[in-house]
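Hi,

Here's the structure I said I'd pass along.

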Amino acid sequence: MATPQTEVSELLNRKYDAGFYTDIEQDQAPPGLNEDIIRLISSKKEEPEWMLQWRLRAFERWQKMPEPKWAHVHYPPIDYQALCYYSAPKSRANAPKSLDEVDPKLLETYKKLGIPLEEQMMLAGVAVDAVFDSVSVHTTFKDKLAAAGVIFCSFSEAVREHPDLVRKYLGSVVPQGDNYFAALNSAVFSDGSFVYIPPNTRCPMELSTYFRINAMNTGQFERTLVVADAGSYVSYLEGCTAPQRDENQLHAAVVELVALDNAEIKYSTVQNWYPGDEEGRGGIYNFVTKRGDCRGRNSKISWTQVETGSAITWKYPSCVLKGENSVGEFYSVAVTHHRQQADTGTKMIHLGRNTRSTIISKGISAGRGQNAYRGLVRIAKSAENARNYTQCDSLLMGNECGAHTFPYVEVRNASAKVEHEASTSKISEDQLFYLRSRGIGSEDAVNLIVNGFCKEVFKELPMEFAVEAQKLLNITLEGAVG
Amino acid sequence: MGLMESLARDLGGGGESGGVQAARAAAFQLALAQGVPSPRHEDWRYTDLGGLSGQEFRTAAAATLDGQTLPLRELDAWRLVFVNGRFAPAQSDLTSLPPGVTVRLLEEMSRQDPQWLAEHLSRQANPDARTFVALNAAAAPDGLHVELAPGTSLEKPLLVIFATIGVGTPALASPHLHVLAGRHSQLDLIELHFTAGQGATLTNAHTRVDAGDAARVAHYRAVCEGGEGSHVGSVQLNVGRDGLVENFSLVLGGRMVRVDIDGYLAHPGGELKLNGVFVADQNQHVDHHTRVDHAASHTTSDEVYKGIADGNGRGVFNGQVLVREGVEKVVATQASNNLLLSSDAEIDAKPELEIYANDLRCAHGATVGQLDDDGLFYLRSRGVPAVEARALLVYGFVQSLVESIPHAALQALVTARFAEANPALEKLLSGDYS
């Protein structure tokens, strides 16, 4: 049942497709983290005083916190004083008004990655708020969105233009002191996206942000805030790739979602940051805090993620189901290959009556990858008739990888129904044999089986993303089955 | 004074040899270094011993027990009774025990083979040991060592009863049971803990089963502590090559009960079956932690736990399955089903898989739910009153598991516990529907 060994090793040794480096001048702060750096970041972004104070309070909290050690991941200690906390492309000095003013090198970078902004604008009807390192460079379809009353802009712009909205919702889902990495982000977040959908509005297009990490030794600290007002709907797409580099890079993002009465937010992620080479050198540390707050009645938040990149993923997109009848969903595919490590999962906190949640998690481990699902389902005493269904499956390829499941189920209401099931097995030899006996090559057979394994998650992704996700998965796992 | 300090006063002495005393002291130092676990420890996340550590426990003094109060009197078995950790020959009966079985008290071992005892105690208190296992090794005043010669098969079960008699002031008992089952031997072991008397008690029990190649040991462990009795039990099961070890944990009473069951599959062909039934009502807290360690290829484990939480009770199940690197052809299944009957009750379940190999099939499931409305409706539509219908369904939830126990007296123990909560049940189970 084996691909010939030579073929396997050839495939295993293929290099990261999106790995290259664009040489652009950087406006960079000196390494280190202290109050002065935070003041510098804040002043560079021309922030009001309250924003600075908010950052400083977060920094104060962060200094008193220990770095969490409970995740099933291993990495050398991070020297937070050796990192740079601010870096912006030079072009920011005279911010571009249109695509023509954008540094051509930057545009080229996107093109290499297959993210042609113009094409995407025309073909897919997707507005792109592309974040190159720290400062938003380009935003499209502003007018069309503005007509619908939708606010979709960089975080810095939102702080300047819509301070009331930002003040009202910032930190209301993920407080400054929520956890170590969220506190760090709150202190030094560089930029990100802000979305506000006004009441009874269906966002006319899917919103999308492509993040890239580019400058050497620069942690990227994105902050995303999506607010869906009563009766509104928005689908938000987040995707990322990063150039190949040998030094580990820290990424500690925070994403906050707020859904008010009858609102729905669909948040999809395809993550393909540099995972490090075969020996585990380099690669991104992806320590992300993502949480959605179903604040209103009948609200719904749905997380879908395809995680194929990063050396280490530490990420638990969660839903706080406060509103009556609110719904939380989590669909995830996480792949670890070579020496990648992932500790990911979700939390569903049921507080309101008739709240429902679904968790579908598919973990794939290959090479020497370690993949852990860590999830919490909590039914509070107040959550009458709450319902949860959880399924987490792991697929193992190779005898040096690991798959782990750490689900926590806490039920405090006697009307709740909670189900959890998990399975772990290697890729079925019978299925492989069946496919190969019908003339399908082993590589294609593996792809077919893996795609079938992940189908439940992929069908939740918007179409363009689903295609990209499948491609990514196939590339990531090439040669994983021997 | 903390739990540890109050225990320290009663350690040592007792005329034991230097080696044994040294082993006990080392075990205590280990427990002391680890400290009383708090909910900050991941392993004790859902169980707070705060209520215990405030009390000044003293090692329970020797006491006598009226044989009439002993449970499982009707069971046809070889019987050993310990009261407050000390052997009670009057209540015990080992008549016509086959020659292949050696039953010795730890106290005898301490005189006859102190080196073995010292080694045995040190083995329990290794640096990876859980705090309470180390504490047991340090404190156990007496205990039992059972050895089955190769090929010995017992046609009757061996029943070991550990009774803790409260004396008004907080009392600690530390029963210790070690079973060495030789090659191709077979044994049904029933271990029962219960409390009598007045005042708070804490039983810190440790059982270790070392099963040889192709040995089959079925270990039934019932905890029936009283309203003020707390229980911390640790069970270590080592399965031999092509051997089968079964453990059935019944927790039917106790204020705070914590049972740790560690199964170790270090030889090919080994099989482990872990089952459990627990009831937590009123203010009871019942916590099961199981760990199955697949350290060899071609090993199998199967686990089914059923829990019921009612009143202000809280049930906890944490089941860990570990498959080590380089191990192949492993099948591991686990199910934790729980019934939550009151909104003041709580169920916490954490089924864990930790897998470092690929040629295996592992699955686990956990559910928390209520009685089936359709079932209730069906029974009521046939004239069964609501209370009785409920009692039947609650018992029905655990029935299949309970009836897999091949000893009627043990089954009756469970039924009696359910009938206590729902008096209607006894009548119904006896076929009286009038």
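**Around B:His288**

Leaving out neighbours within four places in sequence, B:His288 is in contact with B:Ser249, B:Val251, B:Val259, B:Phe278, B:Tyr305, B:Val316, B:Phe317 and B:Asn318. Bear in mind that this is a predicted model. B:His288 sits in strand S16 of chain B, residues 285-294. Is the residue buried or exposed? B:His288 counts as buried because its relative accessible area is 0%, and the cut-off for buried is under 20%. One of its contacts is polar: the side chains of B:His288 and B:Ser249 are joined at 2.7 Å.

**Between the two domains of chain B**

Where they touch, 14 residues of domain 1 of chain B meet 10 residues of domain 2 of chain B. About 1100 Å² is buried between them, with carbon and sulfur atoms giving 83% of that. On the domain 1 side, B:Tyr220, B:Phe248 and B:Leu252 lose the most area to domain 2 of chain B, together 46% of what that side buries.

As for polar links, there are zero salt bridges between domain 1 and domain 2 of chain B, and two residue pairs in polar contact. The elements of chain B that give two or more residues to the domain 1 side are strands S9 (186-198), S11 (216-224) and S13 (244-253). By type, the residues on that side of domain 1 of chain B come to 12 nonpolar, no polar and two charged.

Cheers

Notes:
Residues are numbered from 1 along each chain as its sequence is written. Chains are lettered from A and ligands numbered from 1 in the order in which they are written. This is a predicted model: local features need pLDDT of at least 70, side-chain atom pairs count only at pLDDT 80 or more; totals for chains, interfaces and linings use all residues. Side-chain values use heavy atoms; hydrogens and water are left out. Contact means heavy atoms within 4.5 Å. Buried area is the accessible area (1.4 Å probe) that two parts lose on being put together, summed over both. A salt bridge is a side-chain nitrogen of Lys or Arg within 4 Å of a carboxyl oxygen of Asp or Glu. A polar contact is a pair of N or O atoms within 3.5 Å; within protein, one must be able to donate a hydrogen and the other to accept it, and residues adjacent in sequence count only if both atoms are side-chain atoms. Helices (H or I, at least four residues) and strands (E, at least two) are DSSP runs, numbered from the N terminus. Ala, Val, Leu, Ile, Met, Phe, Trp, Tyr, Cys and Pro count as nonpolar, Asp, Glu, Lys and Arg as charged, and the others, Gly among them, as polar. Buried means under 20% relative accessible area, exposed over 50%, partly exposed in between (1.4 Å probe, protein chains only).
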